[in-house]
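The points below go from the overall architecture to the metal site, and each can be followed in the viewer.

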Amino acid sequence: MKVFKFLPLIGISLLCLSFKSISDKPKEGKKPNIVLILADDMGFGDLGITGSTEIKTPNIDALGEKGVFFNQGYVSSPVCSPSRAGLLTGRNQVTFGYDNNLPKNLSYTDGLPTEIKTIPEYLKPLGYTSGIIGKWHLGDGEEHHPKNRFDEYWSFPYGGHNYFKNGKATKKAQKAYASALESNYKTPQEITYLTDDIGDECADFIKRHKDEPFFLYASFNAPHAPLQALEEDIALYNHIKDPKRRTYAAMVHRLDLNVAKIIAMLEKHNLDDNTIIVFLSDNGGPIGNGSLNAPYSGKKGTLLEGGIHVPFMMKWSKHIPENIRYEQTISSLDLAATFVTAAGGKVNDVLDGVDLVPYVNGENKEAPHQQMTWKFTVSRSIRDGNWKLVTIPNHLPMLFDLSKDISEQNDLLFKEKEKAEKMIKQLGNWEVALPNPSYFEENKYKALQQKDYYKKYQLKQPSTL
Ligand code: CA
(Lines give C-alpha, C1' and ligand atoms only; values in the text may rest on other atoms or scores of the structure.)
Protein backbone atom coordinates (compact mmCIF):
# COMPACT_ATOMS: atom_id res chain seq x y z
CA MET A 1 0.00 0.00 0.00
CA LYS A 2 2.83 2.35 0.85
CA VAL A 3 4.40 1.93 -2.55
CA PHE A 4 1.08 2.56 -4.26
CA LYS A 5 0.57 5.71 -2.20
CA PHE A 6 3.82 7.21 -3.44
CA LEU A 7 3.44 6.22 -7.04
CA PRO A 8 1.71 9.46 -8.08
CA LEU A 9 4.59 11.50 -6.67
CA ILE A 10 7.13 9.37 -8.48
CA GLY A 11 5.20 9.80 -11.70
CA ILE A 12 4.93 13.56 -11.31
CA SER A 13 8.59 14.03 -10.46
CA LEU A 14 9.62 11.96 -13.47
CA LEU A 15 7.52 14.13 -15.73
CA CYS A 16 8.77 17.31 -14.12
CA LEU A 17 12.33 16.20 -14.65
CA SER A 18 11.59 15.39 -18.25
CA PHE A 19 10.21 18.87 -18.84
CA LYS A 20 12.83 20.89 -16.96
CA SER A 21 16.07 22.00 -18.47
CA ILE A 22 16.18 25.63 -17.60
CA SER A 23 18.55 27.96 -19.35
CA ASP A 24 18.91 31.50 -18.10
CA LYS A 25 21.78 32.51 -20.34
CA PRO A 26 20.76 35.63 -22.24
CA LYS A 27 21.67 35.79 -25.89
CA GLU A 28 24.34 38.32 -26.73
CA GLY A 29 23.76 41.31 -28.92
CA LYS A 30 20.56 42.85 -30.15
CA LYS A 31 17.41 41.17 -28.97
CA PRO A 32 15.77 39.10 -31.70
CA ASN A 33 12.34 39.82 -33.05
CA ILE A 34 9.89 36.94 -32.78
CA VAL A 35 7.21 36.05 -35.33
CA LEU A 36 4.93 33.15 -34.43
CA ILE A 37 2.91 32.06 -37.47
CA LEU A 38 0.03 29.75 -36.66
CA ALA A 39 -2.02 27.87 -39.25
CA ASP A 40 -5.41 26.52 -38.21
CA ASP A 41 -6.60 22.95 -38.82
CA MET A 42 -3.89 22.25 -41.41
CA GLY A 43 -3.35 18.60 -42.36
CA PHE A 44 0.14 17.30 -41.63
CA GLY A 45 0.70 16.21 -45.22
CA ASP A 46 -0.45 19.42 -46.88
CA LEU A 47 2.85 21.25 -47.31
CA GLY A 48 5.63 20.63 -49.80
CA ILE A 49 8.03 20.03 -46.94
CA THR A 50 5.77 17.35 -45.43
CA GLY A 51 5.36 15.54 -48.72
CA SER A 52 2.25 16.95 -50.35
CA THR A 53 1.94 15.81 -53.94
CA GLU A 54 -0.87 18.29 -54.63
CA ILE A 55 -0.27 21.55 -52.76
CA LYS A 56 2.69 23.82 -53.42
CA THR A 57 3.96 25.85 -50.44
CA PRO A 58 7.49 27.07 -51.31
CA ASN A 59 7.48 29.99 -48.88
CA ILE A 60 6.43 28.00 -45.81
CA ASP A 61 8.81 25.19 -46.83
CA ALA A 62 11.67 27.69 -46.98
CA LEU A 63 11.32 28.40 -43.26
CA GLY A 64 12.10 24.76 -42.51
CA GLU A 65 14.81 24.58 -45.17
CA LYS A 66 16.58 27.71 -43.92
CA GLY A 67 16.23 26.60 -40.32
CA VAL A 68 14.98 23.52 -38.54
CA PHE A 69 12.08 21.24 -39.36
CA PHE A 70 10.93 19.30 -36.30
CA ASN A 71 10.22 15.75 -37.41
CA GLN A 72 8.61 15.03 -34.03
CA GLY A 73 6.74 18.28 -33.40
CA TYR A 74 3.57 18.16 -31.32
CA VAL A 75 0.88 20.44 -30.00
CA SER A 76 -0.62 19.96 -26.54
CA SER A 77 -4.21 19.46 -27.72
CA PRO A 78 -5.93 18.19 -30.87
CA VAL A 79 -8.38 21.14 -31.02
CA CYS A 80 -8.05 24.91 -31.38
CA SER A 81 -8.73 26.62 -28.08
CA PRO A 82 -6.81 24.41 -25.60
CA SER A 83 -3.94 24.09 -28.08
CA ARG A 84 -3.67 27.88 -28.20
CA ALA A 85 -3.91 28.06 -24.39
CA GLY A 86 -0.88 25.75 -24.16
CA LEU A 87 1.01 27.49 -26.96
CA LEU A 88 0.65 31.00 -25.55
CA THR A 89 1.19 30.15 -21.87
CA GLY A 90 3.98 27.57 -22.29
CA ARG A 91 2.09 25.40 -19.83
CA ASN A 92 0.16 22.24 -20.51
CA GLN A 93 -3.35 23.69 -20.38
CA VAL A 94 -4.80 20.69 -18.56
CA THR A 95 -2.70 21.67 -15.51
CA PHE A 96 -5.04 24.65 -15.13
CA GLY A 97 -8.29 23.02 -16.24
CA TYR A 98 -8.32 24.31 -19.83
CA ASP A 99 -8.85 20.88 -21.34
CA ASN A 100 -11.49 21.66 -23.89
CA ASN A 101 -12.84 23.99 -26.51
CA LEU A 102 -15.04 26.70 -25.02
CA PRO A 103 -18.57 25.29 -24.94
CA LYS A 104 -21.44 27.13 -26.52
CA ASN A 105 -23.65 26.70 -23.45
CA LEU A 106 -21.41 29.19 -21.65
CA SER A 107 -22.03 31.62 -24.50
CA TYR A 108 -18.26 31.89 -24.88
CA THR A 109 -18.13 33.80 -21.60
CA ASP A 110 -15.29 31.78 -20.16
CA GLY A 111 -11.73 31.89 -21.36
CA LEU A 112 -8.04 31.70 -20.55
CA PRO A 113 -7.68 32.25 -16.77
CA THR A 114 -6.52 35.82 -16.28
CA GLU A 115 -3.87 34.88 -13.71
CA ILE A 116 -2.02 32.61 -16.16
CA LYS A 117 0.64 34.60 -18.01
CA THR A 118 1.17 34.43 -21.77
CA ILE A 119 4.22 34.90 -24.02
CA PRO A 120 3.65 38.65 -24.64
CA GLU A 121 3.40 39.24 -20.89
CA TYR A 122 6.70 37.44 -20.31
CA LEU A 123 8.32 39.48 -23.09
CA LYS A 124 6.93 42.89 -22.13
CA PRO A 125 9.36 43.48 -19.20
CA LEU A 126 12.19 42.41 -21.52
CA GLY A 127 11.47 45.40 -23.76
CA TYR A 128 9.18 43.81 -26.34
CA THR A 129 6.17 45.29 -28.10
CA SER A 130 3.57 42.65 -28.90
CA GLY A 131 0.75 42.27 -31.37
CA ILE A 132 -1.88 39.66 -32.23
CA ILE A 133 -3.20 39.66 -35.77
CA GLY A 134 -6.06 37.24 -36.45
CA LYS A 135 -7.79 34.54 -34.44
CA TRP A 136 -7.88 34.69 -30.63
CA HIS A 137 -10.31 31.94 -29.45
CA LEU A 138 -9.36 32.17 -25.79
CA GLY A 139 -12.51 33.87 -24.55
CA ASP A 140 -14.46 36.86 -25.83
CA GLY A 141 -15.49 38.45 -22.52
CA GLU A 142 -14.00 41.77 -21.42
CA GLU A 143 -11.63 40.15 -18.92
CA HIS A 144 -10.43 37.58 -21.47
CA HIS A 145 -9.89 40.02 -24.33
CA PRO A 146 -6.44 39.92 -25.99
CA LYS A 147 -6.07 43.63 -25.11
CA ASN A 148 -5.18 42.42 -21.60
CA ARG A 149 -2.26 40.41 -23.01
CA PHE A 150 -0.97 42.19 -26.13
CA ASP A 151 0.01 45.80 -26.78
CA GLU A 152 -1.77 45.76 -30.13
CA TYR A 153 -4.58 43.68 -31.53
CA TRP A 154 -6.32 43.35 -34.88
CA SER A 155 -8.36 40.27 -34.26
CA PHE A 156 -11.58 38.39 -33.93
CA PRO A 157 -12.55 36.55 -30.76
CA TYR A 158 -14.11 33.30 -31.95
CA GLY A 159 -12.94 29.98 -33.37
CA GLY A 160 -13.37 30.95 -37.01
CA HIS A 161 -14.30 33.75 -39.37
CA ASN A 162 -15.66 34.30 -42.85
CA TYR A 163 -12.89 34.93 -45.35
CA PHE A 164 -15.02 37.28 -47.44
CA LYS A 165 -17.00 40.28 -46.26
CA ASN A 166 -20.27 38.60 -47.10
CA GLY A 167 -18.98 35.05 -46.91
CA LYS A 168 -21.55 32.43 -46.06
CA ALA A 169 -20.46 30.09 -43.34
CA THR A 170 -22.67 27.25 -42.16
CA LYS A 171 -25.89 28.54 -40.67
CA LYS A 172 -24.94 27.55 -37.12
CA ALA A 173 -21.61 29.31 -37.21
CA GLN A 174 -22.83 32.32 -39.15
CA LYS A 175 -23.15 34.76 -36.28
CA ALA A 176 -19.76 34.09 -34.76
CA TYR A 177 -18.06 33.85 -38.15
CA ALA A 178 -19.42 37.25 -39.16
CA SER A 179 -18.18 38.94 -35.98
CA ALA A 180 -16.63 42.39 -36.36
CA LEU A 181 -12.87 42.68 -36.47
CA GLU A 182 -11.49 44.57 -33.48
CA SER A 183 -8.39 46.70 -33.22
CA ASN A 184 -6.90 49.21 -30.77
CA TYR A 185 -4.69 51.02 -33.28
CA LYS A 186 -7.01 51.62 -36.22
CA THR A 187 -10.56 51.24 -37.43
CA PRO A 188 -10.40 47.82 -39.01
CA GLN A 189 -10.67 47.96 -42.78
CA GLU A 190 -13.37 46.04 -44.62
CA ILE A 191 -12.43 42.45 -45.28
CA THR A 192 -11.15 41.75 -48.77
CA TYR A 193 -9.97 38.16 -48.37
CA LEU A 194 -9.16 37.55 -44.70
CA THR A 195 -5.89 35.66 -45.21
CA ASP A 196 -4.62 38.57 -47.33
CA ASP A 197 -5.85 41.08 -44.76
CA ILE A 198 -4.09 39.25 -41.90
CA GLY A 199 -0.91 39.13 -44.00
CA ASP A 200 -1.18 42.88 -44.72
CA GLU A 201 -1.64 43.70 -41.04
CA CYS A 202 1.32 41.50 -40.07
CA ALA A 203 3.54 43.28 -42.61
CA ASP A 204 2.31 46.64 -41.36
CA PHE A 205 3.04 45.64 -37.74
CA ILE A 206 6.63 44.76 -38.70
CA LYS A 207 7.05 48.05 -40.55
CA ARG A 208 5.74 50.11 -37.66
CA HIS A 209 7.86 48.33 -35.04
CA LYS A 210 11.03 47.67 -37.02
CA ASP A 211 13.18 49.74 -34.66
CA GLU A 212 12.29 47.90 -31.43
CA PRO A 213 12.17 44.25 -30.37
CA PHE A 214 8.74 42.88 -31.21
CA PHE A 215 6.65 39.75 -30.79
CA LEU A 216 4.15 39.22 -33.58
CA TYR A 217 1.53 36.50 -33.20
CA ALA A 218 0.38 35.95 -36.78
CA SER A 219 -2.70 33.90 -35.99
CA PHE A 220 -4.12 32.95 -39.39
CA ASN A 221 -7.45 31.12 -39.44
CA ALA A 222 -6.59 29.42 -42.74
CA PRO A 223 -7.32 26.70 -43.66
CA HIS A 224 -10.00 26.31 -40.95
CA ALA A 225 -13.64 26.20 -42.11
CA PRO A 226 -15.57 27.83 -43.70
CA LEU A 227 -14.13 26.65 -47.00
CA GLN A 228 -13.86 29.92 -48.90
CA ALA A 229 -11.12 30.69 -51.41
CA LEU A 230 -10.34 33.20 -54.14
CA GLU A 231 -11.39 32.08 -57.63
CA GLU A 232 -7.91 32.75 -59.01
CA ASP A 233 -6.43 30.36 -56.42
CA ILE A 234 -9.06 27.69 -57.00
CA ALA A 235 -8.20 27.86 -60.71
CA LEU A 236 -4.61 26.86 -59.89
CA TYR A 237 -5.90 23.60 -58.43
CA ASN A 238 -8.48 22.75 -61.09
CA HIS A 239 -6.87 19.35 -61.52
CA ILE A 240 -8.07 18.30 -58.07
CA LYS A 241 -11.45 16.65 -58.57
CA ASP A 242 -12.86 16.86 -55.03
CA PRO A 243 -14.26 20.42 -54.73
CA LYS A 244 -13.58 20.57 -50.98
CA ARG A 245 -9.97 19.52 -51.44
CA ARG A 246 -9.61 21.96 -54.33
CA THR A 247 -10.85 24.89 -52.23
CA TYR A 248 -8.74 23.78 -49.27
CA ALA A 249 -5.63 23.64 -51.47
CA ALA A 250 -6.38 27.16 -52.70
CA MET A 251 -6.68 28.36 -49.08
CA VAL A 252 -3.31 26.83 -48.17
CA HIS A 253 -1.79 28.39 -51.29
CA ARG A 254 -3.01 31.84 -50.23
CA LEU A 255 -1.63 31.27 -46.72
CA ASP A 256 1.75 30.49 -48.28
CA LEU A 257 1.68 33.77 -50.25
CA ASN A 258 0.99 35.69 -47.06
CA VAL A 259 3.82 33.99 -45.21
CA ALA A 260 5.96 35.29 -48.08
CA LYS A 261 4.56 38.78 -47.46
CA ILE A 262 5.74 38.62 -43.82
CA ILE A 263 9.21 37.36 -44.80
CA ALA A 264 9.53 40.06 -47.49
CA MET A 265 8.83 42.81 -44.97
CA LEU A 266 11.44 41.39 -42.56
CA GLU A 267 13.96 41.26 -45.42
CA LYS A 268 13.12 44.76 -46.59
CA HIS A 269 14.14 46.13 -43.19
CA ASN A 270 17.13 43.78 -42.78
CA LEU A 271 15.48 42.07 -39.83
CA ASP A 272 15.36 38.53 -41.21
CA ASP A 273 18.67 37.24 -39.80
CA ASN A 274 17.84 38.15 -36.22
CA THR A 275 14.17 37.24 -36.24
CA ILE A 276 12.94 33.94 -34.86
CA ILE A 277 10.20 32.77 -37.19
CA VAL A 278 8.14 29.77 -36.13
CA PHE A 279 5.48 28.10 -38.24
CA LEU A 280 3.12 25.40 -36.97
CA SER A 281 -0.53 24.35 -37.06
CA ASP A 282 -2.65 24.46 -33.90
CA ASN A 283 -3.88 20.90 -34.45
CA GLY A 284 -4.13 18.23 -37.13
CA GLY A 285 -6.43 18.32 -40.13
CA PRO A 286 -10.13 17.55 -39.50
CA ILE A 287 -10.25 15.84 -42.93
CA GLY A 288 -13.81 17.16 -43.48
CA ASN A 289 -12.25 20.43 -44.71
CA GLY A 290 -10.32 18.56 -47.42
CA SER A 291 -7.13 18.24 -45.35
CA LEU A 292 -4.85 15.20 -45.37
CA ASN A 293 -2.74 14.02 -42.43
CA ALA A 294 -0.76 11.39 -44.37
CA PRO A 295 1.29 9.50 -43.31
CA TYR A 296 -0.54 9.74 -40.00
CA SER A 297 -3.83 8.18 -38.97
CA GLY A 298 -6.36 10.06 -36.88
CA LYS A 299 -7.56 13.62 -37.26
CA LYS A 300 -8.35 16.78 -35.33
CA GLY A 301 -9.96 15.79 -32.02
CA THR A 302 -8.02 12.52 -31.61
CA LEU A 303 -4.72 11.82 -29.85
CA LEU A 304 -3.55 9.67 -32.73
CA GLU A 305 -0.68 11.31 -34.59
CA GLY A 306 -3.04 12.95 -37.09
CA GLY A 307 -4.55 15.04 -34.29
CA ILE A 308 -1.44 16.31 -32.51
CA HIS A 309 1.65 15.76 -34.69
CA VAL A 310 1.81 18.95 -36.73
CA PRO A 311 4.02 20.67 -39.33
CA PHE A 312 6.45 22.58 -37.08
CA MET A 313 9.52 24.58 -38.10
CA MET A 314 11.71 27.40 -36.84
CA LYS A 315 14.17 29.73 -38.55
CA TRP A 316 16.63 31.96 -36.69
CA SER A 317 19.56 32.44 -39.04
CA LYS A 318 21.77 34.07 -36.39
CA HIS A 319 21.68 31.03 -34.10
CA ILE A 320 20.27 28.04 -36.00
CA PRO A 321 22.07 26.48 -39.00
CA GLU A 322 20.20 25.81 -42.23
CA ASN A 323 18.52 22.59 -43.23
CA ILE A 324 18.26 20.80 -39.91
CA ARG A 325 15.84 17.94 -39.43
CA TYR A 326 15.50 17.58 -35.68
CA GLU A 327 14.49 14.06 -34.67
CA GLN A 328 13.74 14.34 -30.93
CA THR A 329 10.25 14.92 -29.58
CA ILE A 330 9.37 18.57 -28.95
CA SER A 331 6.16 20.49 -28.46
CA SER A 332 4.45 23.84 -28.82
CA LEU A 333 4.85 24.15 -25.03
CA ASP A 334 8.58 24.69 -25.67
CA LEU A 335 8.06 27.93 -27.56
CA ALA A 336 7.42 30.17 -24.53
CA ALA A 337 10.67 29.01 -22.90
CA THR A 338 12.52 29.35 -26.22
CA PHE A 339 11.30 32.91 -26.81
CA VAL A 340 11.84 34.12 -23.23
CA THR A 341 15.39 32.76 -23.22
CA ALA A 342 16.17 34.27 -26.62
CA ALA A 343 14.89 37.61 -25.36
CA GLY A 344 17.37 37.48 -22.47
CA GLY A 345 14.86 36.51 -19.81
CA LYS A 346 15.00 33.81 -17.23
CA VAL A 347 12.61 30.90 -17.64
CA ASN A 348 10.63 30.26 -14.49
CA ASP A 349 9.71 26.88 -13.03
CA VAL A 350 6.09 27.34 -14.00
CA LEU A 351 6.73 26.78 -17.69
CA ASP A 352 6.45 23.21 -18.97
CA GLY A 353 8.81 23.61 -21.91
CA VAL A 354 12.52 24.06 -22.59
CA ASP A 355 14.58 26.43 -24.72
CA LEU A 356 14.92 24.49 -27.97
CA VAL A 357 17.86 26.43 -29.43
CA PRO A 358 20.75 24.54 -27.73
CA TYR A 359 19.13 21.23 -28.74
CA VAL A 360 18.61 22.25 -32.33
CA ASN A 361 22.09 23.69 -32.90
CA GLY A 362 23.76 20.64 -31.37
CA GLU A 363 25.05 22.13 -28.08
CA ASN A 364 22.81 19.77 -26.13
CA LYS A 365 22.57 16.25 -27.52
CA GLU A 366 20.10 14.94 -24.92
CA ALA A 367 16.40 14.49 -25.66
CA PRO A 368 14.48 17.58 -24.52
CA HIS A 369 11.63 15.36 -23.27
CA GLN A 370 11.75 11.66 -22.55
CA GLN A 371 8.00 11.70 -21.97
CA MET A 372 5.01 13.73 -23.09
CA THR A 373 1.41 13.39 -21.95
CA TRP A 374 -1.94 14.47 -23.39
CA LYS A 375 -5.49 14.58 -22.06
CA PHE A 376 -8.48 15.57 -24.15
CA THR A 377 -12.17 14.78 -23.53
CA VAL A 378 -12.47 10.99 -23.83
CA SER A 379 -8.83 10.25 -24.63
CA ARG A 380 -5.45 10.17 -22.90
CA SER A 381 -1.99 9.53 -24.29
CA ILE A 382 1.60 9.21 -23.21
CA ARG A 383 4.69 9.11 -25.41
CA ASP A 384 7.85 7.63 -23.86
CA GLY A 385 10.76 7.67 -26.29
CA ASN A 386 9.33 6.04 -29.40
CA TRP A 387 6.55 4.25 -27.54
CA LYS A 388 3.08 5.76 -27.55
CA LEU A 389 0.08 4.60 -25.56
CA VAL A 390 -3.44 5.89 -26.22
CA THR A 391 -6.54 5.21 -24.10
CA ILE A 392 -10.24 5.74 -24.88
CA PRO A 393 -13.35 4.49 -23.03
CA ASN A 394 -14.65 0.94 -23.62
CA HIS A 395 -11.50 -0.09 -25.42
CA LEU A 396 -8.24 -1.65 -24.30
CA PRO A 397 -5.29 0.75 -24.32
CA MET A 398 -3.43 0.91 -27.64
CA LEU A 399 0.36 0.73 -27.75
CA PHE A 400 2.45 1.71 -30.77
CA ASP A 401 6.16 1.74 -31.58
CA LEU A 402 6.49 4.96 -33.56
CA SER A 403 10.04 4.09 -34.66
CA LYS A 404 8.55 1.36 -36.87
CA ASP A 405 4.91 2.33 -37.16
CA ILE A 406 4.35 6.06 -37.63
CA SER A 407 0.83 5.40 -38.93
CA GLU A 408 -0.21 3.61 -35.69
CA GLN A 409 -1.52 0.53 -37.48
CA ASN A 410 0.09 -2.19 -35.37
CA ASP A 411 -1.20 -2.34 -31.79
CA LEU A 412 1.46 -4.01 -29.60
CA LEU A 413 -0.51 -4.09 -26.33
CA PHE A 414 -0.34 -7.87 -25.93
CA LYS A 415 3.18 -8.26 -27.29
CA GLU A 416 4.60 -5.60 -24.97
CA LYS A 417 2.44 -6.03 -21.90
CA GLU A 418 5.02 -4.91 -19.35
CA LYS A 419 5.82 -1.76 -21.26
CA ALA A 420 2.12 -1.00 -21.62
CA GLU A 421 1.40 -1.54 -17.93
CA LYS A 422 4.20 0.78 -16.92
CA MET A 423 2.98 3.51 -19.25
CA ILE A 424 -0.65 3.08 -18.14
CA LYS A 425 0.49 3.69 -14.54
CA GLN A 426 2.57 6.71 -15.47
CA LEU A 427 -0.32 8.18 -17.42
CA GLY A 428 -2.75 7.52 -14.54
CA ASN A 429 -0.38 9.03 -11.98
CA TRP A 430 -0.13 12.16 -14.09
CA GLU A 431 -3.87 12.42 -14.51
CA VAL A 432 -4.86 12.00 -10.84
CA ALA A 433 -2.72 15.01 -9.92
CA LEU A 434 -4.52 17.28 -12.44
CA PRO A 435 -7.37 19.62 -11.54
CA ASN A 436 -10.86 19.02 -12.84
CA PRO A 437 -11.54 20.59 -16.23
CA SER A 438 -13.25 23.99 -15.99
CA TYR A 439 -15.82 22.88 -18.58
CA PHE A 440 -16.44 20.03 -21.00
CA GLU A 441 -16.91 19.69 -24.71
CA GLU A 442 -20.50 19.22 -25.74
CA ASN A 443 -21.51 15.56 -25.55
CA LYS A 444 -22.02 15.25 -29.28
CA TYR A 445 -18.37 16.15 -29.89
CA LYS A 446 -17.18 13.64 -27.29
CA ALA A 447 -19.18 10.94 -29.04
CA LEU A 448 -17.80 11.92 -32.45
CA GLN A 449 -14.24 11.99 -31.13
CA GLN A 450 -14.57 8.47 -29.77
CA LYS A 451 -15.89 7.20 -33.11
CA ASP A 452 -12.90 8.75 -34.87
CA TYR A 453 -10.62 6.11 -33.32
CA TYR A 454 -12.40 3.36 -35.28
CA LYS A 455 -12.12 4.96 -38.71
CA LYS A 456 -9.73 4.13 -41.51
CA TYR A 457 -7.58 7.02 -42.66
CA GLN A 458 -5.84 7.85 -45.90
CA LEU A 459 -2.18 7.21 -45.06
CA LYS A 460 -0.63 7.98 -48.44
CA GLN A 461 -0.44 11.04 -50.63
CA PRO A 462 -2.49 10.85 -53.81
CA SER A 463 -0.51 9.62 -56.78
CA THR A 464 0.45 12.31 -59.27
CA LEU A 465 0.58 9.87 -62.18
CA1 CA B 1 -7.56 24.54 -35.11
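Which order do the strands of the open sheet of nine strands have? The points below begin with some background and then take up this question.

1. This is a predicted model, in which local features need pLDDT of at least 70 and side-chain atom pairs count only at pLDDT 80 or more, while totals for chains, interfaces and linings use all residues. Residues are numbered from 1 along each chain as its sequence is written, and side-chain values use heavy atoms, with hydrogens and water left out.

2. The protein has 13 helices and 15 strands, where helices (H or I, at least four residues) and strands (E, at least two) are DSSP runs numbered from the N terminus. Its radius of gyration, taken over C-alpha atoms, is 21 Å, close to the 23 Å from the globule rule for 465 residues, so the protein is as compact as a globular protein of that length; the rule itself is 2.2 Å times the number of residues to the power 0.38. Of the 465 residues, 62% count as buried, meaning under 20% relative accessible area with a 1.4 Å probe and protein chains only.

3. The open sheet of nine strands runs in the order β6-β5-β4-β7-β1-β8-β9-β2-β10, with mixed pairing; two strands pair if DSSP finds at least two bridges between them. At its edges stand β6 (182-183) and β10 (324-326), each with a single partner strand, so one side of each is left without a neighbour in the sheet.

4. Within this sheet, β4 (residues 129-135) and β7 (residues 214-219) run parallel and are joined by six bridges, and the bridge partner of Ser130 in β7 is Phe215. Helix α6 (residues 194-208) packs on the sheet, touching β4, β5 (152-156) and β7, and its direction makes about 180° with that of β7; contact means heavy atoms within 4.5 Å, and angles run from 0 to 180 degrees between the N-to-C directions of axes fitted to C-alpha atoms, for helices over the stretch in contact.

5. Helix α2 lies across β1, β2, β8 and β9, running at about 70° to β9. Its residues Ile60, Asp61, Ala62, Leu63 and Gly64 are buried, and what covers the buried residues of α2 includes β1, β2 (68-70), α8 (243-268), β8 and β9 (312-315).

6. A calcium ion is coordinated by Asp40 (OD), Asp41 (OD), Cys80 (SG), Asp282 (OD), Asp282 (OD) and Asn283 (OD1), at 2.2 to 2.6 Å. Asp40 lies in the loop between β1 (33-39) and α2 (58-65), and Asn283 in the loop between β8 (275-281) and α9 (305-308), so the pair ties together parts that are 243 residues apart in sequence. Both Asp40 and Asn283 are buried.

7. Why is the arrangement around the calcium ion irregular? The six donor atoms subtend angles of 53 to 160°, which makes it so; six donors count as octahedral if opposite donors are over 155 degrees apart and all others between 65 and 115. Donors are N, O and S atoms within 2.8 Å of the metal (3.2 Å for Na, K and Ca), and water is not among the atoms, so sites may look incomplete.

8. There is also an open sheet of four strands, in the order β12-β13-β14-β15, with antiparallel pairing. Helix α12 (residues 417-432) lies across β12, β13, β14 and β15, running at about 120° to β13.

Conventions:
Four donors count as tetrahedral if all angles lie between 85 and 135 degrees; four count as square planar and six as octahedral if opposite donors are over 155 degrees apart and all others between 65 and 115; anything else is irregular. Buried means under 20% relative accessible area, exposed over 50%, partly exposed in between (1.4 Å probe, protein chains only).
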